[in-house]
Amino acid sequence: MQAAFFLSNGQNSDADRRPVDIVALGIVAAAIILFVATGSEIGPSVVRSLTGQGAGPDAFTLNAFLLNIAIIIFGWSRYRELCEEIMLRGAAEREARRLAETDSLTGFHNRRSFSFTVDALIDRTVTAGQAVAVLMIDLDNFKQVNDYNGHATGDRLLVECAHRIVEALPGDAIVGRIGGDEFAVALAFDRRCQDEVDTVAARLVQAVAESSRIRSVTIDVTASIGIARAESRTTGSQALLEMADVAMYHAKRQGRNQFNWFEPQMAHEMRFRADLEAGIRQGIPRGEFVPFYEQQVDLKTGELTGFEMLARWDSPQFGIVAPDIFIPVAEDIGAIAELSRSVISQALEDAKLWDPKLTLAVNISPIQLRDPWFAQKLLRMLVEANFPPQRLEIEITESCLHQNLGQVRTLVTSLKNQGIRISLDDFGTGYSSIGQLRQLPFDRIKIDRSFVSSLLESKDSAAIVKAVATLGEGLEMPVTAEGIETQDVLDHLRQYGGITGQGYLYGRPRPARDLGEWLGEEPEAEPEIEAGPKDASEPEAKRA
């Protein structure tokens with residue numbers, strides 16, 4: 001091990017041993033002195049008695065001599081016992097100290113001892129030319145590893161990552177395990193050479209990202225790292241940890257598997273994040289999350305075939321909030337299941353009033369797919385709403401297939417047995433194989449909007465769209481193109497035959513109260529543009 005993360009075992013203090021040592025040795029020494037004195041007194045008389053030249057030693061003196069021998073034996077035995085007791089007590093104290101100051105799984109400092117050690121490092125090294133950097137390391141998607149493979153596998157992965165972290169660090173670095181899957185590193189560096197810390201952080205990101213083979217299972221995990229620096233002794237370890245934590249969450253929001261330095265504006269983002277979390281928790285029971293609907297149209301005939309439900313947050317504090325902002329937060333805080341149940345229930349009630357031939361499509365979060373009771377919960381909502389399962393279409397993102405294919409297969413089969421249709425959403429963005437499409441009984445493929453919106457400018461996107469359309473025709477599986485925003489894109493897609501489409505060309509998503517125009521008359525075969533391309537104020541993101 002290179003980095004300085006194990007705490008010193010320490011030694012028994014002289015103050016603990018000295019009083020007992022002196023007393024015990026004093027007793028033994030006194031007994032030896034008396035032994036010599038009495039021995040010199042009775043020795044000659046014993047010799048004369050044995051040679052028959054005189055009387056034996058005085059009985060009292062002989063008894064005193066024998067008593068001295070007993071005292072010496074007893075004193076020395078007691079001295080050894082006391083020394084052993086002291087050693088055992090010292091070992092127990094050291095073990096208790098180690099357990100109190102280290103992480104039992106990795107041997108790293110725990111949060112308390114890490115903070116204490118970093119404060120000492122700051123006091124010792126921060127000078128005009130020196131600074132201290134704290135790196136907060138969080139494993140991305142570690143909870144999924146525990147959920148899918150068990151906590152024992154998760155612990156082995158943590159140990160493996162701990163070894164990799166140590167190997168990537170300089171020898172004088174301090175390492176701690178701050179929480180479940182959070183590690184922290186502190187190191188001193190020349191403030192003029194911040195690139196040295198960047199190099200260390202990059203090595204850590206690369207080291208953690210290597211595949212791990214645990215219990216015959218290959219596990220891929222990445223790390224997001226936040227970095228903060230102290231250039232004066234007024235900045236303590238707690239402040240550094242908080243700043244590094246903020247920077248780490250910023251790295252996660254930027255896509256994960258990377259590192260970021262703390263900047264002051266990040267603190268404002270964290271406060272905004274805290275406001276979002278509080279607003280989501282309070283808004284779900286208040287009914288602030290509502291379904292909006294986007295048309296799904298047969299591109300060849302222009303006939304309305306159904307709607308996709310897109311969640312929106314009608315917040316009294318933030319206004320109408322798009323799902324790409326609040327859905328990731330709801331997933332992180334464990335509120336996505338309750339939020340999804342709320343909006344799906346509302347959507348089922350709305351869809352009952354539509355023409356029976358129109359379908360309702362809803363998106364399912366990957367986190368919901370981990371719930372073994374999700375199918376039963378969804379069927380219960382259908383029963384409570386008295387909604388025909390044949391009119392409901394569940395959309396599962398392609399990335400879900402790589403997290404737990406077996407669980408997804410079970411869920412898909414259970415839902416299809418009840419008549420619910422299943423779509424593979426965002427197709428083309430992951431690594432699904434044709435074999436997986438045949439293994440899982442999907443009813444529809446949806447081409448990701450990123451390919452559709454750019455097919456006129458990108459030959460690669462056009463080729464992917466054509467390939468997916470051809471694949472759907474070959475598998476006799478309907479295809480839907482997302483993100484249709486211009487007439488030119490629509491004209492291009494029509495060459496692929498009977499596929500359906502959706503996008504801003506047919507109008508922006510609307511709440512149920514504003515669907516009268518769409519429901520009252522079918523769209524023209526040549527739809528008019530009701531709104532321009534999506535903008536930053538209302539992205540066409542959609543997780544429900």
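The model is predicted, so I kept the thresholds at hand: local features need pLDDT of at least 70, side-chain atom pairs count only at pLDDT 80 or more, and totals for chains, interfaces and linings use all residues. Residues are numbered from 1 along each chain as its sequence is written, and side-chain values use heavy atoms, with hydrogens and water left out.

Entry 1, helix pairs. Helices (H or I, at least four residues) and strands (E, at least two) are DSSP runs numbered from the N terminus. Axes are lines fitted to C-alpha atoms, for helices over the stretch in contact, and angles run from 0 to 180 degrees between N-to-C directions.

I looked up α8 (residues 264–286) against α9 (residues 323–332) and found an angle of about 75°, with the axes 10 Å apart. The two are therefore roughly perpendicular to each other. With contact meaning heavy atoms within 4.5 Å, R273, L276, E277 and I280 in α8 meet I325, F326, V329, A330 and D332 in α9. I noted 6 nonpolar, no polar and 3 charged residues in this contact. For these classes, Ala, Val, Leu, Ile, Met, Phe, Trp, Tyr, Cys and Pro are nonpolar, Asp, Glu, Lys and Arg charged, and the others, Gly among them, polar.

I then took α3 (residues 111–125) and α7 (residues 237–253), which pack at about 110° with axes 8 Å apart. That makes α3 roughly perpendicular to α7.

A nonpolar core is a set of buried Ala, Val, Leu, Ile, Met, Phe, Trp, Tyr and Cys residues joined through side-chain atoms within 4.5 Å. Buried means under 20% relative accessible area, exposed over 50%, and partly exposed in between (1.4 Å probe, protein chains only). The largest core has 77 residues, and I280, L360, L392, I394 and L493 have the most contacts inside it. Helix α10 (residues 336–351) gives the most to this core, with 7 residues. Apart from it lies another core of 36 residues, I137 and L187 among them.

I found 7 of the 9 residues of β6 (residues 222–230) buried. Strand β1 (residues 130–140) pairs with β6 in the antiparallel sense over 9 bridges; pairing requires at least two DSSP bridges. I noted L135 opposite I227 in β6. Strand β7 (residues 259–261) runs parallel to β6, joined by 3 bridges.

Methods:
Angles under 35 degrees count as roughly parallel, over 145 as roughly antiparallel, 65 to 115 as roughly perpendicular and the rest as oblique.
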